[in-house]
Amino acid sequence: MSDVRSTDPPVVTPNGDAARGAAGESILTLEDVHVSYGNIRAVRGISMEVRRGEIVTLIGANGAGKTTTLRAISRLVPVAHGRLTFRGHDLTRFPAHEVVRLGICHVPEGRGVFANLTVRENLLLATYSRRGKGDVNKDLERVYSVFPRLAERRNQFAGTLSGGEQQMLAVGRALMTGGELMLLDEPSMGLAPILVEEIFRILVEINRQGTTLLLVEQNARMALQVAHRAYVLETGTIAVSGPAKDLLDDPRVREAYLGA
Ligand code: ATP
């Protein structure tokens, strides 16, 4: 695998099947959503949607409000104003643990794996929140097939894994919830370029297998290469949005986020 630098051509096969995403029905909508931390207005009236089968990316500078947006969807921070709807459900009526049961799984910034539990135990923990338990072993095997490294290390404590492997475990754990929509907060953070490329390839594969992704990323180039559509967040508001391939060529986006 090659090194990934901002000037390189696409290294991950873009999920170019944008028509499929565009044809899917809207499963998540945000309308005029506001979130504040005391006097800090982190999210200031954003509206966006995610359609079934899409990869949608949310990019922007540090402090733009990306993490806060994901946390609002997962009900981890209160929404001051606005509407959030997932498959027709008003999300503001649900506490965080029930949002998981509705089918939204969240891979948080920093991964949050349990260091003193094995890889397998970390994965099994995620199934406790599932409404229907289904065939847990089948799901474990699916995760192991997507992440062969996790299969090799299934009995190893998570704390002994590399950063990239811990990120894979965090994504694998989200898959184990059986959620239809996966929220990912900076999955490439702190990883070597070769691992960033591997993580992005896996995200495309997970999407191909049927999971819809809402991806927050600092690595705007990689995110725009794999996404169907994108939103650019600036100081808590949506500054630009559209098909991801169009944003790759948008002069405003290129100058501010792609170093070109
Ligand atoms: P980053 O890439 O640095 O994580 P971000 O786009 O995800 O940035 P947020 O983490 O959502 O941005 O932060 C948006 C704003 O809210 C920032 O001004 C940040 O300082 C502030 N903020 C975030 N979390 C808190 C908190 N728990 N208490 C107070 N202010 C917060």
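Lys66, Thr68, Thr69, Leu70, Ala72 and Ile73 are the buried residues of helix H2. The model is predicted. Just after H2 comes Arg75, with a positive phi of about 70°.

Next, the strands. Strand S4 covers residues 81–86. Strand S1, residues 26–37, runs antiparallel to S4, and 5 bridges join the two. Phe86 has His89 of S5 as its bridge partner. S4 and S5 form a hairpin, with 2 residues between them. Arg87 sits in that turn and has a positive phi of about 45°. In a regular strand, side chains alternate between the two faces of the sheet.

Now the helix packing. Two packed helices are described by the angle between their axes and the distance between those axes. Take helix H7, residues 163–176, and helix H8, residues 193–208. They pack at an angle of about 15°, with their axes 10 Å apart. H7 is therefore roughly parallel to H8, given that angles under 35 degrees count as such. Their crossing is right-handed. Which residues make the contact? From H7 come Gly164, Gln167, Met168, Val171 and Leu175. From H8 come Leu195, Glu198, Ile199, Leu203 and Ile206. By class, the contact of H7 with H8 holds 7 nonpolar residues, 2 polar and 1 charged. An α-helix has 3.6 residues a turn, so residues three or four places apart point the same way.

H7 has a further partner in helix H5, residues 136–146. H5 and H7 pack at an angle of about 150°, and their axes lie 10 Å apart. The crossing of H5 and H7 is right-handed. On the H5 side, the residues are Val136, Asp139, Leu140, Arg142 and Val143. They meet Gly172, Leu175 and Met176 in H7. The contact of H5 with H7 divides into 5 nonpolar, 1 polar and 2 charged residues.

Note on methods: Residues are numbered from 1 along each chain as its sequence is written. This is a predicted model: local features need pLDDT of at least 70, side-chain atom pairs count only at pLDDT 80 or more; totals for chains, interfaces and linings use all residues. Side-chain values use heavy atoms; hydrogens and water are left out. Axes are lines fitted to C-alpha atoms, for helices over the stretch in contact, and angles run from 0 to 180 degrees between N-to-C directions. Helices (H or I, at least four residues) and strands (E, at least two) are DSSP runs, numbered from the N terminus. Angles under 35 degrees count as roughly parallel, over 145 as roughly antiparallel, 65 to 115 as roughly perpendicular and the rest as oblique. A crossing is left-handed if the near helix is turned anticlockwise from the far one by less than a right angle, and right-handed if clockwise. Contact means heavy atoms within 4.5 Å. Ala, Val, Leu, Ile, Met, Phe, Trp, Tyr, Cys and Pro count as nonpolar, Asp, Glu, Lys and Arg as charged, and the others, Gly among them, as polar. Buried means under 20% relative accessible area, exposed over 50%, partly exposed in between (1.4 Å probe, protein chains only). Two strands pair if DSSP finds at least two bridges between them.
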